[in-house]
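Here is a report on one protein model, written for a reader who works with coordinates.

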Amino acid sequence: MSWGRVVLPHASTVVGAWWHALGSGRFFTWWSALVSFIIMGLLVVPDYGGTTLLSYADAAIVSVLGWVLLAIPFLGVARLERRLHSRGARAAIVLAALVAVSAARPLVNQSLSMWLFDEPTIGGWPVRFATNLGITLAVFSFVAVATAQYYEDRQTTQRLAIALARMDATRHRAALYEAGARRAIEHMVGGLRAQRDVLLRGELTFEAVRAYADLVRAASHQLGDMATTSLATEPSTQSVVVASIAPVRKPLLERLSPTPVFCVSLIYVVMCAPFGFAAGGMVLVLAMLAVMLPLDALVGVILRASMRRITGATGGLIFIGVWTLAGMAAVVAGDVLIPGLGILGLVPFIALPAAAIIISATIDAYRSAARAEARATATLARNALALAKRARTVRSPLEAAIGVLHGGVQGRCVIFAARVDESGATPADIARFRTETDAAFDEIIGLRPVPAPGDLEGLLAVWRDVVDVASHFASEVHPMLDDAVTQHHVCDIVNEGLVNAVKHGGARHVQVGLDTTSDGNLRVRVTSPGVLAHAASVGGRGIAALPGAAHLSQRGANVVLEVVLPTADSVKSVTSVGLVDPLGSAHFVAR
C-alpha cells in the first residue's frame, strides 16, 4: 500500500520483522537504552497533579532514579539474551523483561516519591502498568526492528568488504601478472632469437635444427604453464585490508527527514492509549486517533514540500520546528479532550517532536546501512564478473604467443630441417628462415591483451580467492556450456549465488553444482552454510534479475540458490509455438 511517495509495509511484514527482532539477540542495545531514558526518564514521568515547573522537576528526578534502578537488572537480561541460542528463548526472555519492568516501574516510582518527597503519585497501578507496557513495547520494538536490521546490514557489509578486499588483491596480482607475462615473452623471444642466430652461424645439420625446435617447444610449454597459473591464493593465507564502506557519519540535524506517514502518530497513540482509555474509555482513544492522524499527515505534507528544496542542517531545524508546532497543537487538543491534566498535558509538547526525532534518526541509520550493503553487494558482483574477464584478457598474449610459436616458428623449423637434411640449406633458405622467424618473433612482441568474455571456470578461479569453492559438473552439462548465451547466464547465476553465500553467512565453503532436470533443462545450484536473513526472504533485485526459475531458500543449515535454466533446444521448441522465450523472463520464489 502506498501514500504518495511513502510505502507502507504489509501487516505480515511488520509482524515478521518484529518477531525477527524479538529473537535476534539484540533487542536490548545501548541505543534502545538511550531512547528509553529519554522517553521513560524525562517525558513519561509520574503525576503529582501539579502544573508548575517544580512539579515536573520533582517528577523527573523520581523518574530518572527509577529508570537507573530498573536499568541495572536489564544489563543481565541483555547479556543473557546474547548468550541464548534459541530464538524462542530469547523472545520469551525479552517479553518477560518488558512485562516485569512495566509492572515494577509504578511501584518503584511510588517508593522513591515517598522516600524523597513524602508525596504519593497519582494513578492506579493497573492503568500505569498498561501505559508502561504499551510504551515499552512500542519504543523498544520500533528501535529493535531498526537496529537489528542495521546490525545485520553492517555485518553483511563487513563480509562484503572483506570479499572486495580479496578481489582487489587479485586485481593487483592480475596487473603484476600482465607485466610479468610481458617480461617473460620479451625475454623468451630475445633468447630464441639469439639461439637462432647461433644456429645459423654454426654448422647446419638436421640435429642442430631439431635441437633448436626443441628449445622453441620448451619455451612454448613454459608460456603454457604461465597461462594456466591461477591468480588466486588460498583464502586462509590471504592478507586482507578492509576498506571502509560503512555509512558516512552525519550530524543529527542532517539525518532528519520526513517520517513514514502515520508512523509517529500511531506509536504515540499506542503509548498513550492505556491512559486515554482509563480517562475516557474507547471514545477518547478514538478521539486521540482522530486528532493525531490528520496532524501527522499535515506535518508530513509540510515537511516533504519544504525539505524537498532545503536539506542538510537547515532541513533538520525545519523538521524539529514543524514537529514542535505539532506538539503545541497536541497540547491544545489534549486540554480540550481531557481538561485539567496538569503537567501531563504538557508532555506532547516535548514528547511528540522527541518521538519524531528518534524515529527519523533510527530510520536514517537503517537506510544508510542498507544503502551501504546494497552498494557493496552490487560492487562485489560487478567486480567478480569484471575480474573473470580481466583474468582471461591478461592471459591472451600468452595464449596467442603459444600459437605463433607452434605455427610460426616450430612449423618453420620443420620445413627448414627438411631442407637441411635433403640437400643442405642454401643462402636463400637461410635468409628466408631468418626473415620468417623474425616476423613471428616481432608478431609475438607486438601482442597486446585482447578483451575476452569471462567464462565459468575463470569466474570460479576468481572466487576461490574469497571462498573455498567446490564444483561438480555433470558430463551432459559440458556441451551446453559451449553455447555463449548459456555460459553467460550460468556465470550470472553462479556469481549471484556466491555473492549471497558471502552476504548471508560469510561462508568459507561453497558448492557449485550443474546438472540437468528430467526434461533436459540445465539446473544450477549454489549451496553454502548460513542463515537466510529475514530481509532476504522476501526477495531481492539480484535474484529477480536472474534468468530462468530462481529459488533462494533455507535448507537445514544451508542457504541454497537453485535456478532451472532452459536450454537452447527447449527455447526453440517453446518459441516455435508462439510462446514467450523463457530466457527473457525471471521470477523469485522463496521457500
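## Basis of the model

A contact here means heavy atoms within 4.5 Å. This is a predicted model, in which local features need pLDDT of at least 70 and side-chain atom pairs count only at pLDDT 80 or more, while totals for chains, interfaces and linings use all residues. Residues are numbered from 1 along each chain as its sequence is written, and side-chain values use heavy atoms, with hydrogens and water left out.

## The chain as a whole

The protein chain has 15 helices and eight strands. Helices (H or I, at least four residues) and strands (E, at least two) are DSSP runs, numbered from the N terminus.

Of the 591 residues in the protein chain, 45% are buried. Buried means under 20% relative accessible area, exposed over 50%, and partly exposed in between, with a 1.4 Å probe and protein chains only. The accessible surface comes to about 28600 Å². Carbon and sulfur atoms hold 64% of that surface. Areas come from the Shrake-Rupley method with a 1.4 Å probe; for residues, only the protein chains shown count as cover.

Take the contacts with a separation of 6 or more: residues 24 or more positions apart account for 79% of them.

## The cavity

The structure holds one cavity of 30 Å³ or more. On a 1 Å grid over the protein atoms alone, a cavity is a set of points where a 1.4 Å probe fits but cannot get out; lining residues have an atom within 4 Å of a point. Grid points are joined across faces, edges and corners, and a volume is the space filled by probe spheres set on the points. The largest cavity has a volume of about 70 Å³.

Eleven residues line the largest cavity. Nearest its centre lie I39, V139, I267, I358 and I359. Helix α5 gives the most, with four residues.

N132 has its place in helix α5. N132 is buried, at 5% relative accessibility. Leaving out residues up to four places away in sequence, N132 touches M40, S102, R105 and P106.

L295 lies in helix α8. At 15% relative accessibility, L295 also counts as buried. Beyond residues up to four places away in sequence, L295 touches A326, A329, A330 and L352. L295 and A326 are 31 residues apart along the chain, yet their C-alpha atoms are separated by 7.0 Å.

## Helix α12 and strand β4

Helix α12 (residues 456–463) is mostly covered, with six of its eight residues buried. These are L456, G458, L459, L460, V462 and W463. What covers the buried residues of α12? The cover includes α5, α10, β3 (468–473), α13 (484–503) and β4 (509–516).

Strand β4 contains V512. At 2% relative accessibility, V512 is buried. Residues up to four places away in sequence aside, V512 touches L460, V469, A470, S471, H472, F473, V494, L498, R525 and V526. V512 and R525 are 13 residues apart in sequence and 5.9 Å apart in space, C-alpha to C-alpha.

## Cysteines and positive phi

How many disulfides does the structure hold? It holds zero. The test is a pair of cysteine sulfur atoms within 2.5 Å. C263 is buried, with a relative accessible area of 16%. C413 is buried as well, at 2%.

D118 has phi near 55 degrees, a positive value in a residue other than glycine. D118 lies in the loop between α4 (87–117) and α5. Is D118 buried or exposed? D118 counts as exposed, at 61% relative accessibility. F262 has phi near 70 degrees, again positive in a residue other than glycine. F262 is found in the loop between α7 (252–255) and α8.

Notes:
On a 1 Å grid over the protein atoms alone, a cavity is a set of points where a 1.4 Å probe fits but cannot get out, and a pocket is an open set with protein on both sides within 12 Å along at least five of seven lines; lining residues have an atom within 4 Å of a point.
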